[in-house]
Amino acid sequence: MSEPLYISPESIAGHYTVLDRIGNLGPGQGFLRAAWSDEETAAMRHIEAEATAAGLVSRWDAIGNLIVETAGNFSEWIETGSHVDTVPGGGNYDGVAGVVAGLEAILAIHRSGTPLQRGLRLRIWRGEESSTFGVVSGGSRAAFGLLTPDTLRSIYRGKTLAEAIKEQGGDPELIRSGRAAIPEAEEQGIAGYIELHIEQGSVLEAGGFDLGIVTGIRGSVRSWVKLTGAFDHSGATPMGAKWRHDVNLAMAYMQVRLDGLAGKAIEAGEDIVQTVGVVNSNRHFNDTLPGLYDNAVAKVSGAGYFSHEVRGCYAGEVREFVEAARQLIRQTAEEFGVAVEIDEFSSVSGIARMDDGLQHLLADACKRQKARFTRLPSGAWHDAAVLHDRPRNDGSKIPVGMLFVPCKGGISHSPEEYASPEALALGATVLADALLELVR
């Protein structure tokens, strides 16, 4: 009987000794490993070197994603993976934790000498974050032929996405022609995919849980709400909507009423999360919207805008809430005598239910490793969601699961982002346990 799989905190920390130096902006400044950048490639090269030194094999697809796998020919493969790019000034655990844990899980199984009935594969996806080129899950979507040619014109730091891809050895023509980087036979052979990730929230830490099993992934609908009123003298214009067409006041009422609307939806049992993240502070809009800079301390506000994002696992619920929110926004605008324009710029359907079989498998692995766990939806988007929606020739979809590790204070996309080596090692061990059940 083989020894139980175990991944040590020291093994995890060893990778971070190297990765903490790649794309580090300095003390307290966080990291920047942009999509298809030298820094992203350097982090991927570290993982590749560690994998091949231990006897795994590696290859790069035509778009620049890295694939590490066990040697041998298999008709079916079990995969894990994540990304190593970061948001500007972000931390070194969002995505990276899943890559490090995934590598260590595969290495633990490889070193155990267990005969494999299926192959094991780690994918490191390029450009999952949307904050550099504005393209979410760029590497995984490009791998499946899902990116549109216009994304190649996106610019970050004076460079188009097409140029960045080419500089890192990829072929942007693949995206231009709508072709997939993953051959059909390889895609059809993916028998399961499990991604480990930090939670990016505080449910696990607050509840004293070691790990979380993800039940679904929230999609989102994002819109700009642009308002036009009338500029008037702040002292001479009487109060009240009869006299004032005050954009700032209308926006304030909109936000409070939207919060009430969301509260009612949540009380009714709906999976809804709503955020107004930007108010008059997007650089592009500030330079192009007429009148915005005419707002002043001694004037009634005549121009303004805010972003409106709604997230949820169930696309139908999200869309119904969005329509109700827009009706409320329009009614409030009319009440305060301001014009409103709502521009939807992004819509991604959520994943209502992750694969039940993999959820049960992860739960059993948690129990074997004596890890205290709970089940929860993912509020953030992940590459796992891209794989979940891939149809197979038999009409089924790729079984996809996710495992969450707690992060300190629930903080993410920040220099303060942190998950301990002990927490990551336990997550990697549970991941290895689950992967082993799928391949032997």
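Predicted model: local features only at pLDDT ≥ 70, side-chain atom pairs only at ≥ 80, totals over all residues.

Four strands form an open sheet in the order β11-β13-β9-β14, and their pairing is antiparallel. Because β11 (273-275) and β14 (339-348) stand at the edges and have a single partner strand each, one side of each is left without a neighbour in the sheet. From one strand to the next, the twist averages 15°.

Within this sheet, β9 (residues 219-228) and β13 (residues 303-312) run antiparallel and are joined by ten bridges. In this pairing, G219 stands opposite G312 in β13.

## Helices across the sheet

Helix α9, which spans residues 247-267, lies across β9, β11 and β13, and runs at about 10° to β13. Helix α11, made of residues 315-335, lies across β9, β11, β13 and β14, and its direction is at about 165° to β14.

## The helix pair

The axes of α9 and α11 come within 10 Å and cross at roughly 150°; since angles over 145 degrees count as roughly antiparallel, the two helices α9 and α11 are therefore roughly antiparallel to each other. Their crossing is right-handed.

On the side of α9, the contact is made by A250, Y253, M254, R257, L258, L261, A262 and A265, while α11 contributes F321, A324, A325, L328, I329, T332, A333 and E335. Sorted by class, the residues in this contact of α9 with α11 are 13 nonpolar, one polar and two charged.

Note on methods
Residues numbered from 1 in each chain as written. Heavy atoms only, no water. Pairing = 2+ DSSP bridges. Axes fitted to C-alpha atoms, helices over the stretch in contact; angles between N-to-C directions. Contact = heavy atoms within 4.5 Å. Parallel < 35°, antiparallel > 145°, perpendicular 65-115°, else oblique. Left-handed = near helix turned anticlockwise from the far one by under 90°. Nonpolar A, V, L, I, M, F, W, Y, C, P; charged D, E, K, R; others polar.
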